[in-house]
Amino acid sequence: MPRTLDSQITMEKTPSYFVTREAPRRISSMSRDTKLIVVVRNPVTRAISDYTQTLSKKPDIPSFEALAFRNRSLGQVDTSWNAIRIGMYMLHLENWLQYFPLSQIHFVSGERLITDPAGELGRVQDFLGLKRIVTDKHFYFNKTKGFPCLKKPESSSLPRCLGKSKGRTHVQIDQEVIEQLRDFYRPYNIKFYEMVGQDFRWD
């Protein structure tokens with residue numbers, strides 16, 4: 001990480017930190033004062049999105065149902081499949097809480113980031129001790145992608161929107177499969193809500 005002055009905040013991001021077992025220990029040994037921001041979304045939707053993205057790169061992979069279940073008729077979910085395991089947020093959080101207090105971790109709702117981006121980023125700015133500079137006026141809704149984008153900064157002629165891999169239409173999954181996964185995730189979600197003191201309303 002680059003050297004940072006007291007008046008500066010240095011940020012770095014990757015989707016894999018939260019679910020990488022060694023990450024909390026390594027980050028803690030670098031700086032125990034690090035503030036952590038984690039974007040979470042409904043784990044069922046997240047798994048389908050994960051599969052959709054993989055399918056676009058590897059069209060020959062097995063069906064979502066085949067990967068998600070060890071035995072679908074018995075409702076046995078395959079937790080060794082990364083797309084499923086990632087959404088078991090409470091398990092990953094337990095690992096982080098061994099190294100960081102909850103007060104240093106802020107959870108952003110992926111759903112509210114789409115419906116109320118300024119509100120979610122307002123809470124992020126509060127968490128980082130920043131003045132609320134990013135507001136509603138900085139966003140517009142991109143109908144093609146189906147989510148908000150940043151209006152163009154003065155230094156650029158183009159608005160900023162997430163890349164081509166974001167906002168693609170998800171693969172259609174049987175409603176019964178979705179219900180089975182909701183049932184599977186429910187106890188993990190409830191425990192996660194209790195741990196963070198926030199109900200994300202994923203049911």
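Helix 8 covers residues 175–196, 22 residues in total. Helices here are DSSP runs of H or I with at least four residues, numbered from the N terminus. From first C-alpha to last, helix 8 reaches 29 Å, close to the 32 Å expected at 1.5 Å a residue. The expected span is 1.5 Å times one less than the number of residues.

Helix 8 bends by about 40° at Tyr185. The bend is the angle between axes fitted to the seven residues ending there and the seven starting there. A proline, Pro187, follows within four residues.

The model is predicted: local features need pLDDT of at least 70, side-chain atom pairs need 80 or more, and totals for chains, interfaces and linings use all residues. Numbering runs from 1 along each chain as its sequence is written, and side-chain values use heavy atoms, without hydrogens or water.

Asp174 caps the N-terminal end of helix 8, with a side-chain oxygen 2.8 Å from the backbone nitrogen of Glu176. Just after helix 8, Gly197 has a positive phi of about 70°.

Buried residues (under 20% relative accessible area, 1.4 Å probe, protein chains only) in helix 8 include Val177, Leu181, Phe184, Tyr185 and Phe192.

## Ser49 and the annotated site

The unreviewed UniProt entry lists a "binding site" at Arg41, Ser49, Lys166, Gly167, Arg168, Thr169 and His170. Such annotations may be inferred rather than shown by experiment.

Ser49 lies in helix 2 (residues 43–57). Ser49 is buried, at 18% relative accessible area. Leaving out residues up to four places away in sequence, Ser49 touches Arg41 and His170 (contact: heavy atoms within 4.5 Å). The side chains of Ser49 and Arg41 make a polar contact at 3.5 Å. A polar contact is a pair of N or O atoms within 3.5 Å; within protein, one must be able to donate a hydrogen and the other to accept it, and residues adjacent in sequence count only if both atoms are side-chain atoms.

Definitions and conventions:
Helix = DSSP H or I, 4+ residues; strand = E, 2+ residues; numbered from the N terminus. Buried < 20%, exposed > 50% of the residue type's maximum accessible area, 1.4 Å probe, protein only.
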